[in-house]
Amino acid sequence: QVQLVESGGGLVQAGGSLRLSCAASGTIFSTHVMGWYRQAAGKQRELVATMTRAGGTNYADSVKGRFTISRDNAKNAIDLQMNSLKPEDTAVYYCNLNQRPPWRTSNLDYWGQGTQVTVST
């Protein structure tokens, strides 16, 4: 079982910045990937950024150059620094951990409760 707790959401004007944080706890294997996803009203959940324990990253095209994901492996934690925010960034942001436990042949996804980010015009 894995628990994920997000913090740092809020309301910000376009062009502003926010920093999201996520702390994971539980049975976490070394090959896991953590990341951030978001879901805007009326839209499907989409990938924002992911990061492996080794430091490999993947970003959605829409956030490249504006958002930066970072991690603290010792704490099983990730942050998302969001700069130059746009109204289209408005969404509920979810922390994600994906891993394949040794006793399974498929991966498992764990999700936080989500934190609201609202960017005003």
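Guide: Two strands count as paired when DSSP finds at least two bridges between them. Keep that in mind for this predicted model.

Visitor: What makes β9 and β11 a pair?

Guide: They share 3 bridges. The cut-off is at least two, so β9 and β11 pair. Their sense is antiparallel. Ala 91 stands opposite Val 117 in β11.

Visitor: Which residues of strand β11 lie on its covered face, and which on its uncovered one?

Guide: Strand β11 spans residues 115–120. Thr 115, Val 117 and Val 119 make up the covered face. Gln 116, Thr 118 and Ser 120 form the uncovered face.

Visitor: Why is the link of Cys 22 to Cys 95 called a disulfide?

Guide: The S to S distance is 1.9 Å. The limit is within 2.5 Å, so the pair qualifies. The structure holds 1 disulfide.

Visitor: What parts of the chain does the pair link?

Guide: Distant ones. Cys 22 sits in strand β3 (residues 18–26) and Cys 95 in strand β9 (residues 91–99). They are 73 residues apart.

Visitor: What is the handedness of the link of Cys 22 and Cys 95?

Guide: Left-handed, with -85° about the S-S bond.

Visitor: Are Cys 22 and Cys 95 buried or exposed?

Guide: Both Cys 22 and Cys 95 are buried. That puts each under 20% relative accessible area.

Technical notes. Residues are numbered from 1 along each chain as its sequence is written. This is a predicted model: local features need pLDDT of at least 70, side-chain atom pairs count only at pLDDT 80 or more; totals for chains, interfaces and linings use all residues. Side-chain values use heavy atoms; hydrogens and water are left out. Helices (H or I, at least four residues) and strands (E, at least two) are DSSP runs, numbered from the N terminus. Buried means under 20% relative accessible area, exposed over 50%, partly exposed in between (1.4 Å probe, protein chains only).
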